Amino acid sequence: MLRFVLTRLSLVIPTFVGVTLLAFLLIHLVPGDPIETMAGERGIDPARHAALMKEYGLDQPWTVQYGIYLLHLLHGDLGKSMITHEPVVSEFTTLFPATLELSLCAVLFAILLGLPAGMIAAIRRNTIFDHGIMGISLAGYSMPIFWWGLLLILLFSGTLGWTPVSGRISALYFIEPTTGFLLIDSLLSDDPGAFRSAVAHLILPTIVLGTVPLAIIARMTRSSMLEVLGEDYIRTARAKGLAPFRVVGIHALRNALIPVITIIGLQVGTLFAGAILTETIFSWPGVGKWLVDAIGRRDYPVLQGGVLLIGTVVMGVNLVVDLLYGLINPRIRHRS
Amino acid sequence: MALETADPPKAIAPPHPLREFWHYFRANGGAFAGLVIFCALAMLALFPDFFAPHSPIETRPDALLRPPFWETGGSFAFPLGTDAIGRDMLSRLIHGARLSLFMGGTVVLLSLAAGVVLGLVAGFARGITEIAIMRLMDVMLTLPSLLLAIVIVAILGPGLINAILAVAVVVLPSYVRLTRASVISELAKDYVTASRVSGAGTLRLMFSTVLPNCLAPLIVQASLVFSTAILDAAALGFLGLGAQPPLSEWGTMLADGREFVLRAWWVVTFPGLAILVTVLSVNLMGDGLRDALDPKLKR
Amino acid sequence: MRYKLLAAASGLALLLGVGAASAKTLVYCSEGSPENFYPAINTTGSTFDASSRPIYNRLVEFQIGTTNVGPGLAESWQASDDGLTFTFKLRKGVKWQTAAGFKPTRDFNADDVIFSFERQWKPDNPFFKVTSENHSYFNDMSFPKLLKSIEKVDDLTVKFTLNQPEAPFVADLAMDFASILSKEYADLMLKAGTPEKVDQNPVGTGPFMLVQYQKDAVIRYKAHPDYFLGKAQIDDLVYAITTDASVRLQKLRANECHVAIPNTADLESIRKEGKLQLLDQPGMNIAYLAFQVEKKPFDDKRVRQAVNLAVNKKAIIDAVYLGAGVAATNPIPPVLWSYNDEVKDYPYDPDKAKKLLAEAGVPNGFETDLWAMPVTRLYNPNAKRIGELMQADLAKVGIKAEIKSFEWGEYRKRAQAGEHQMAQLGWTGDNGDPDNFFRVLLGCDAAKAGGNIAKWCHKPFEDLIVEAVRTTDMAKRTDLYKKAQVIFKEEAPWLTIAHSVQYLAAAKNVEGLKLSPFGAHIFYGVDIK
């Protein structure tokens with residue numbers, strides 16, 4: 001087992017170095033001059049331009065810059081934002097909980113609806129339920145979520161006035177960011193309205209971000225269930241006269257879940273891509289919106305740090321899923 | 001339909017693979033519907049000037065934000081209304097179909113070509129070349145696709161061509177992995193050894209012997225990539241990083257109309273609907289392709 | 001519906017969870033996160049709205065809603081006859097705000113003034129590099145060249161000495177970068193080894209103190225109880241950061257905020273509904289299309305005039321500014337003194353444009369580029385859309401224009417180097433002095449340095465605007481600037497596009513709200529009924 005863990009870890013390290021190089025190089029290739037961008041209409045004189053280039057280390061050759069970059073990385077220093085002059089890491093850590101909260105809710109939403117939907121479709125194969133559910137899930141899978149978000153806002157916030165338009169909580173509530181998860185923080189505050197407000201703000205973004213994972217999970221559950229239902233031991237169980245519920249609910253589901261869980265674990269990247277768009281539409285103060293804003297402002301250090309940190313998070317989650325999968329499934333463990 | 005004409009006129013005892021494919025494909029109602037919609041879209045994309053009632057870029061200061069014909073104030077002159085500077089929505093949508101399909105198609109071709117070559121090289125070369133290629137793919141897969149695309153566009157600058165390149169790069173790893181995996185499993189088979197013994201060169205082995213036998217999964221993958229490409233390109237457009245005005249790319253149109261979301265619902269509703277319908281039709285076809293080409297699922 | 005009730009109930013009663021039922025909270029849906037809380041290193045309005053305006057004061061202040069300079073932390077000031085020294089008499093008994101880890105032991109005095117300027121001026125000041133050494137405005141207003149010395153005469157008197165006379169100097173001191181910081185607080189933080197705290201937990205003399213800032217989400221202030229003009233009428237001020245304009249309006253309608261900058265697209269429906277109050281103020285700005293006069297065919301004034309005649313400006317105002325802008329005739333906005341309203345703009349006349357083009361030797365038109373900025377600015381809500389409209393108009397007189405855009409920093413750099421043929425750009429005034437437009441945008445020095453992207457250096461015009469800055473006689477300056485505007489229009493180095501009008505929407509129960517020509521949003525003096 002230890003060997004398995006070590007092999008997996010050793011695979012991660014070169015990838016991580018690759019990500020640092022990628023993050024560094026990508027940003028270094030950007031043509032614009034960030035100092036000029038900051039200067040706006042009023043321009044900047046050459047002497048001050050040079051001084052600022054030096055301040056941000058932009059005058060060094062890129063190899064040197066990469067060396068310095070790695071050295072700083074080892075000290076946990078990802079640089080400072082050129083706009084706010086705040087350390088990138090601290091900006092990331094204040095914004096990341098918002099993204100995490102939204103993503104977790106979206107995954108939960110996708111699982112809670114996707115699993116039963118997929119099961120029903122599998123059990124009632126080739127009925128109207130099956131076709132309906134699969135049709136809807138294919139539509140969900142094909143959805144441009146940035147448009148989906150706008151539509152939901154138009155309907156539920158605009159026309160019906162049921163949900164708030166954007167943000168995480170009404171500005172009237174003063175919540176101390178203890179954990180950074182507003183659902184928890186607002187419960188900790190003694191104001192019951194705060195929690196309700198936080199929940200109301202979460203509904204639409206959760207639906208929007210959860211749509212694609214929901215579709216994937218439903219389809220995956222269905223095909224996985226179909227495969228398991230066709231296997232011998234299920235037929236045997238059925239033949240032995242076990243109640244259909246027991247057969248499907250216990251035997252089949254348990255075995256069908258393994259690939260589904262893996263799929264969920266591997267959705268982190270997709271989820272984050274969705275979060276970029278969802279956060280932009282709902283002005284959700286998370287990491288995705290932060291990065292999109294950083295591109296607009298040519299805030300190199302933020303972009304660089306953000307790409308690296310997100311890459312690291314995705315890698316970390318994939319690794320954990322991988323290890324867990326190995327734990328559950330000894331066949332995988334021995335193969336590697 | 002193109003597939004039917006490609007069919008040999010006299011099919012004999014074991015059905016020709018294409019005929020068999022068509023049989024399975026047509027049995028799938030969804031896939032057939034997808035094909036029909038897609039063909040209709042392709043017609044629009046090929047002959048936009050024939051279908052579009054107006055020029056997609058002609059501005060009309062006297063007809064700003066006209067609603068669709070069924071709303072009060074709308075008229076059949078602009079069936080789906082006009083946008084903020086008085087351009088006909090329907091015409092822009094039709095011309096947008098050309099852009100979207102073009103983007104999707106180019107991405108598929110570019111990434112398929114590059115991905116297959118890299119995958120073949122990795123599968124044949126093994127050793128350090130393989131490790132280098134596969135590690136690079138791992139790194140690319142580590143970053144969320146849209147994020148990577150955004151960063152690439154940030155480097156190249158926004159625009160139609162750059163958005164295509166960015167998306168093509170982002171979808172590359174899936175082809176490379178797929179090709180390499182199939183190559184490795186094919187290489188172990190007898191027919192490869194046979195042709196190797198009979199003196200076939202590596203290039204010949206790669207492209208004439210092994211590649212045709214890995215095609216089925218690649219085709220299914222291509223249909224997936226096609227729909228992903230359309231979605232991602234539209235997302236880039238929506239973030240202001242894709243095709244630039246006055247091009248009527250659907251994502252760009254959405255972003256452009258966003259400020260009018262409360263005042264003129266049609267400027268955001270139709271472009272999104274167009275994206276959804278297109279992607280859905282491609283995915284329906286893709287499902288049909290997979291069922292038809294995947295022997296495991298054949299009934 | 002349930003949510004609406006909830007929001008209404010919470011809006012009126014809950015107030016910050018602190019509970020005090022009588023506390024008044026004003027929520028402003030602001031446009032964006034501040035870059036940070038040190039005004040001197042920033043240039044954006046949303047940063048000033050969050051830092052210099054609520055937290056700090058300046059020696060002199062623009063009187064709210066005007067470009068007039070009035071007393072601030074200085075009660076009065078005197079200029080010497082040669083215009084080289086300015087003596088400021090400071091206000092007595094001005095209290096500093098408190099912050100975590102800081103209880104002021106003394107009132108505001110001359111040391112604070114000197115510190116606030118030396119921090120931006122003297123590289124050996126320990127705070128020169130703290131947070132950033134890029135003191136943009138201090139440099140842009142050429143203060144390092146202008147200032148000779150700042151001396152403390154006594155605790156409540158400060159003397160500024162200049163190297164040369166500069167008519168707009170006192171107005172410059174009312175700008176945000178000239179905000180006064182506490183030296184006592186700075187010294188304390190320096191000793192504690194955390195100098196950057198000065199900019200993170202700012203301490204000012206202003207009407208509101210910072211309580212909490214959550215990036216991209218919210219900024220909270222509470223009223224400074226000892227503010228020298230009297231405590232603000234509202235107790236708590238909250239900025240709910242909402243970048244999307246249509247969302248801001250929805251929040252305003254849902255009672256989630258009291259004040260917001262609306263989207264120009266929604267003005268009509270706000271007016272029609274009549275449930276909100278709408279304030280407007282012509283902005284201190286100009287959007288223009290500059291012709292590169294060093295390049296053919298724009299070296300010919302007839303071509304420049306022809307483009308002016310060919311573009312339907314009204315269509316641009318209608319379609320892009322959506323009524324939130326007025327067509328521009330002169331290079332300065334009408335709110336600025338010395339504006340010459342006798343100058344007539346070029347009418348929309350494509351036939352005459354064709355005639356002029358024929359006279360200039362290009363009867364069949366020509367091909368050109370047309371640059372559109374990649375960003376939204378106060379003066380230009382959508383440069384690409386304007387570009388598309390111009391493109392269509394120009395095509396009608398045979399000019400084929402290709403719209404080009406670059407990343408923003410690149411755009412400006414290239415435009416300043418004169419790489420374009422036609423380029424859109426604009427300007428927002430800083431200090432309410434016409435010189436801040438004329439010499440910066442159209443002077444011969446600026447043609448070399450870059451700010452004048454038309455590269456237009458016209459002797460008769462240059463003489464007038466240089467003479468105007470060397471005298472302090474207002475009547476004479478006005479006269480000179482008026483003449484300059486006539487020459488400008490005839491020579492047509494620009495197509496003047498528009499002066500944008502800024503709007504602010506507020507709930508009906510908000511009182512005392514005023515807009516500033518500089519685009520500032522100030523909540524002192526505002527009350528909720």
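Quick note first: domain bounds here come from an automatic or database domain assignment. The model is predicted, so local features need pLDDT of at least 70 and side-chain atom pairs count only at pLDDT 80 or more, while totals for chains, interfaces and linings use all residues. Residues are numbered from 1 along each chain as its sequence is written, with chains lettered from A and ligands numbered from 1 in the order written.

Q: How many Å separate the centres of domain 1 and domain 2 of chain C?
A: Chain C splits into domain 1 (9-257 + 509-528) and domain 2 (285-501). Taken over C-alpha atoms, their centres are separated by 34 Å.

Q: How are H3(B) and H5(B) oriented to each other?
A: Helices are DSSP runs (H or I, at least four residues), numbered from the N terminus. H3 (residues 29-46) and H5 (residues 89-125) of chain B pack at about 105 degrees, with axes 7 Å apart; axes are lines fitted to C-alpha atoms over the stretch in contact, and angles run from 0 to 180 degrees between N-to-C directions. Angles of 65 to 115 degrees count as roughly perpendicular. H3(B) and H5(B) are therefore roughly perpendicular.

Q: Which helix gives the largest share of the side of chain B that touches chain A?
A: Contact means C-beta atoms, placed from the backbone, within 7 Å, and 34 residues of chain B are in contact with 35 of chain A. H6 (127-142), H7 (145-156), H11 (215-238) and H13 (266-293) of chain B each supply at least two residues of that side. The largest share, eight residues, comes from H13(B).

How values were computed
Parallel < 35°, antiparallel > 145°, perpendicular 65-115°, else oblique. Contact = placed C-beta atoms within 7 Å.
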